[in-house]
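Dear colleague,

I am passing on the structure we spoke about, and my notes follow directly below it. Please read them with the structure open beside you.

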Protein chains: 2
Amino acid sequence: MNDQWQQWIERLRGGDPRALARAISMVENREPGWSELLKALFPHSGHARILGLTGAPGSGKSTLVDQLAKHYRKENRMVGIVAVDPTSPYSGGAILGDRIRMQDHFTDPGIYIRSMATRGSLGGLARATADVSTVLDASGRDLIMIETVGVGQDEIDIVRLADITIVILVPGMGDDVQTIKAGIMEIADIFVINKCDREGAERVEREIRALESLATRSDHWVPPIVKTVASEGKGIAELAKTIAQYDSYLQKENLVLKRTIQNWRERLVEMLRDAMLEKAQAHLGDGEVGRYAAEVAEHKRDPYTLVEEIVGKVGRN
Amino acid sequence: MNDQWQQWIERLRGGDPRALARAISMVENREPGWSELLKALFPHSGHARILGLTGAPGSGKSTLVDQLAKHYRKENRMVGIVAVDPTSPYSGGAILGDRIRMQDHFTDPGIYIRSMATRGSLGGLARATADVSTVLDASGRDLIMIETVGVGQDEIDIVRLADITIVILVPGMGDDVQTIKAGIMEIADIFVINKCDREGAERVEREIRALESLATRSDHWVPPIVKTVASEGKGIAELAKTIAQYDSYLQKENLVLKRTIQNWRERLVEMLRDAMLEKAQAHLGDGEVGRYAAEVAEHKRDPYTLVEEIVGKVGRN
């Protein structure tokens with residue numbers, strides 16, 4: 001690694017926003033050098049606590065995250081925000097939202113916000129989000145908040161990277177939305193009922209309690225419910241307190257390391273899967289996959305035997 | 001392959017429901033022999049047209065699929081249904097729904113229904129669904145309908161396997177649901193507005209038209225909108241006609257093969273990714289991933305270098 005790299009990494013570790021922005025882009029877009037950069041930054045990561053926040057569109061997630069960020073800034077803690085936005089290419093929501101939100105905190109280098117859009121490739125976004133968190137972590141953040149719209153398996157995989165997972169619900173969104181979120185309910189360490197001044201807040205609370213009575217958690221934690229009106233800043237201090245309580249619980253019960261090991265077990269398998277695919281692809285010529293696909297589509301070849309043959313060749317020469 | 005296998009495969013090809021059920025279970029659960037079975041069945045597949053149907057929970061998807069199935073049965077066409085249900089482990093929705101729906105068609109061997117639940121692993125469900133379709137295809141189905149709740153990337157990947165993709169919307173589900181479905185709107189070949197007797201059907205139609213005016217499809221097809229009340233059987237014949245029209249269009253423009261090739265290009269890469277991971281895992285000892293995860297979590301090792309080392313070893317010995 002040359003001097004320029006070293007200088008860049010030092011600036012990044014000092015929290016310089018430009019150095020950080022460049023590093024995140026490199027990692028997110030898998031530009032040449034991305035893995036060298038992560039290798040260099042990894043030893044400087046591990047300090048930040050990672051919060052995952054998820055909720056349906058319209059649940060006021062971004063407002064809540066912004067308010068939490070302001071709260072932590074008053075305590076002088078360095079904050080990073082990764083907003084994962086699976087909106088369609090039509091809307092370009094991620095980039096627009098990014099700009100609007102950045103203006104609010106523009107003058108404060110203690111908050112860094114980054115939006116990421118959904119990629120087409122399977123699993124790609126969860127991994128990219130994890131890698132971006134590592135970069136933010138190495139830049140001296142005390143807290144990293146990963147927010148995502150909780151609508152599918154991808155989003156579940158993303159929030160599972162977090163040390164502490166917060167699920168945001170709102171009254172009056174109907175049964176359909178609660179159905180969508182069924183898979184996400186189970187990963188909540190803390191529930192937030194946002195816009196709790198709306199009618200139906202108690203019903204949502206009862207529904208959460210009913211779900212909780214069915215579940216058994218290996219860590220014996222009963223996820224508390226915090227009520228907020230994020231747009232007015234109500235309940236934010238209590239939410240921060242509840243987060244701190246769960247954090248203490250994790251530390252007391254020695255669960256932080258256990259959870260981190262579990263996360264790395266899954267991440268390593270994903271990394272291995274991607275790296276092995278790359279290895280196989282290096283053995284394939286230009287356009288070879290396309291030719292194979294045509295042969296399979298025309299039923300000239302069976303894909304199961306074909307894949308075995310390709311895999312068998314890898315590493316032999 | 002021994003005689004018993006041959007007999008089994010012959011029974012399956014003849015449409016025997018028990019032979020089919022056993023084969024699907026073997027493939028879905030990756031029981032020993034699953035890939036041999038797929039190799040044997042692949043040459044007998046390729047006859048069925050595959051419809052993908054997706055819609056939010058509550059859109060009446062299953063009712064619509066059942067009605068379509070009945071319609072096709074009147075034309076004496078053999079039908080297979082794969083219902084992919086990403087409900088949480090709490091509800092056990094997939095298995096329950098399966099039993100209820102099977103009763104309706106219990107006496108008709110011309111309809112075979114199979115539910116599949118979401119797996120934890122990334123990409124696993126889309127692949128399993130594709131493999132199950134191949135088995136159904138080999139059992140002499142004319143039509144296979146894959147239905148899934150359209151809430152995330154997984155579900156988009158599942159319906160992308162289809163030759164023809166149908167997106168089901170309903171009036172009055174609010175903007176939030178339409179936002180969730182943004183990524184799915186773009187893959188629709190045909191839109192269905194189900195429960196079209198409800199207020200707001202015209203608004204949904206206008207929204208679809210507005211989206212369509214923004215999009216450009218490489219095949220120049222403008223997705224038609226069909227209005228149905230599936231619970232009363234209204235609009236089903238028109239939907240079947242519209243499906244047949246798009247099918248004719250695909251054939252006339254020679255697009256079926258093009259689309260099948262594109263699908264196989266993606267499927268082959270996914271198959272290769274999984275198979276390469278297996279190859280790497282065969283090089284890892286019992287509990288080795290867990291030990292590595294612990295070392296990474298304790299920051300004794302950097303995961304990026306670690307994965308490179310593992311990949312480098314594969315195939316060498």
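Leaving aside residues up to four places away in sequence, B:Val84 touches B:Met116, B:Leu125, B:Thr129, B:Ile146, B:Glu147, B:Thr148 and B:Ile158, where a contact means that the C-beta atoms of two residues, placed from the backbone, lie within 7 Å. B:Val84 sits in strand 2 of chain B, residues 79–85, and it counts as buried because it has 25 C-beta neighbours inside 10 Å. Here a residue is buried with 20 or more other C-beta atoms within 10 Å of its own, exposed with 12 or fewer, and partly exposed in between. From B:Val84 to B:Tyr246, 162 residues away in sequence, the C-alpha to C-alpha distance is 24 Å.

Please bear in mind that this is a predicted model, in which local features need pLDDT of at least 70 and side-chain atom pairs count only at pLDDT 80 or more, while totals for chains, interfaces and linings use all residues. Residues are numbered from 1 along each chain as its sequence is written, with chains lettered from A and ligands numbered from 1 in the order in which they are written.

Chain A has 14 helices and seven strands, both taken as DSSP runs numbered from the N terminus (helices: H or I, at least four residues; strands: E, at least two). Of its 317 residues, 45% are buried, and among the contacts in chain A with a separation of 6 or more, 73% join residues 24 or more positions apart.

In helix 12 of chain B lies B:Leu257, which counts as partly exposed because it has 13 C-beta neighbours inside 10 Å.

Finally, two residues other than glycine have a positive phi. A:Asn76, at about 65 degrees, is in the loop between helix 4 (61–74) and strand 2 (79–85) of chain A. B:His299, with phi near 60 degrees, is in the loop between helix 13 (288–297) and helix 14 (303–313) of chain B.
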